Amino acid sequence: MRYKNLGRTGLKVSRFCLGTVNFGPRASEDDSFAIMDRALDLGINMVDTADVYGGELGHGATEEIIGRWLAQGGDRRERLVLATKVYGAMGDGPNDRGLSAYHIRRACDDSLRRLRTDHIDLYQMHRVDRETPWEETWQAMEQL
């Protein structure tokens with residue numbers, strides 16, 4: 001596997017990233033586990049997900065599948081660069097979506113719980129939120 005720096009950072013990531021949008025909706029948990037095992041065996045060290053992934057299983061289901069895979073132990077978490085995203089509606093409330101500082105903090109805590117980890121390596125904004133001032137969004141991300 002070939003690796004390169006992620007953007008302008010010193011973090012080395014595989015040139016291939018494993019996207020997980022279909023974990024749960026199209027790939028069973030067992031199949032998702034097998035895909036992640038094989039990816040890791042091949043040297044893919046970056047997994048990308050989002051809090052809203054899960055399809056008919058519900059928002060967060062994909063992160064929960066990844067969390068159960070990570071919880072199996074070994075050195076899975078240590079070998080992985082874990083990326084997830086924030087923005088989408090995670091509930092019916094007015095603050096259950098977007099990039100307000102309130103939603104970012106709550107969404108991050110929820111993703112950490114579902115992923116069964118104490119850190120996210122790359123926390124991304126899934127979309128632009130034109131209703132929230134950039135300063136608020138950036139400050140919340142900086143604090144995380």
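Trainee: Two strands count as paired if DSSP finds at least two bridges between them. Which residue in β4 stands opposite Gly19?

Mentor: The model is a predicted one. Strand β3 covers 18–19, and β3 pairs with strand β4 (residues 46–48) in the parallel sense over 2 bridges. In β4, the residue opposite Gly19 is Asp48.

Trainee: In what order do the 4 strands of the open sheet lie?

Mentor: The edge strands are β3 and β6, each of which pairs on one side only. Between β4 and β5 there are 3 bridges, and these two strands run parallel. The pairing in the sheet is parallel, and the order is β3-β4-β5-β6.

Trainee: Which residue in β5 stands opposite Val47?

Mentor: β4 spans residues 46–48, and β4 is joined to β5 by 3 bridges. In β5, Val47 faces Leu82.

Trainee: What is the bridge partner of Thr84 in β6?

Mentor: Strand β5 (residues 81–86) pairs with strand β6 (residues 122–125) in the parallel sense, over 4 bridges. Within β6, the partner of Thr84 is Tyr123.

Trainee: How many of the 6 residues of β5 are buried?

Mentor: Val81, Ala83 and Lys85 point one way from β5, and Leu82, Thr84 and Val86 point the other way. Residues on both sides are buried, so β5 is largely enclosed by the rest of the structure. The count of buried residues is 6 of the 6.

Trainee: Which helix makes a β-α-β unit with β5 and β6?

Mentor: The unit is right-handed. Its helix lies across β5 and β6, running at about 140° to β5. That helix, residues 101–115, is α4.

Trainee: At roughly what angle do the axes of α2 and α4 cross?

Mentor: Helix α2 (residues 61–70) and α4 have axes that come within 7 Å. In contact are Glu63, Glu64, Ile66, Gly67 and Leu70 of α2 with Ser111, Arg114 and Leu115 of α4. The axes cross at roughly 45°.

Trainee: What is the phi of Tyr87, about?

Mentor: Most residues other than glycine have a negative phi. Tyr87 is in the loop between β5 and α4, and Tyr87 is partly exposed, with a relative accessible area of 23%. Although it is not a glycine, Tyr87 has a positive phi of about 160°.

Trainee: And what is the phi of Arg116, about?

Mentor: The place of Arg116 is the loop between α4 and β6. Arg116 is not a glycine, yet its phi is positive, at about 55°.

Trainee: How far apart in space are Ala34 and Trp69, C-alpha to C-alpha?

Mentor: Ala34 sits in helix α1 (residues 29–41) and is partly exposed at 44% relative accessibility. In sequence, Ala34 and Trp69 are 35 residues apart. In space, the separation is 9.5 Å.

Trainee: How many aromatic pairs does a search of the whole structure find?

Mentor: Rings of Phe, Tyr and Trp pair if their centres lie within 6.5 Å. Over the whole structure, the number of aromatic pairs found is 1.

Conventions. Residues are numbered from 1 along each chain as its sequence is written. This is a predicted model: local features need pLDDT of at least 70, side-chain atom pairs count only at pLDDT 80 or more; totals for chains, interfaces and linings use all residues. Side-chain values use heavy atoms; hydrogens and water are left out. Rings of Phe, Tyr and Trp (its six-membered ring) pair if their centres lie within 6.5 Å; planes under 30 degrees apart count as stacked, over 60 as edge-to-face and the rest as tilted. A crossover is right-handed if, with the strands pointing away from the viewer, the path from the first strand over the helix to the second runs clockwise. Axes are lines fitted to C-alpha atoms, for helices over the stretch in contact, and angles run from 0 to 180 degrees between N-to-C directions. Contact means heavy atoms within 4.5 Å. Buried means under 20% relative accessible area, exposed over 50%, partly exposed in between (1.4 Å probe, protein chains only).
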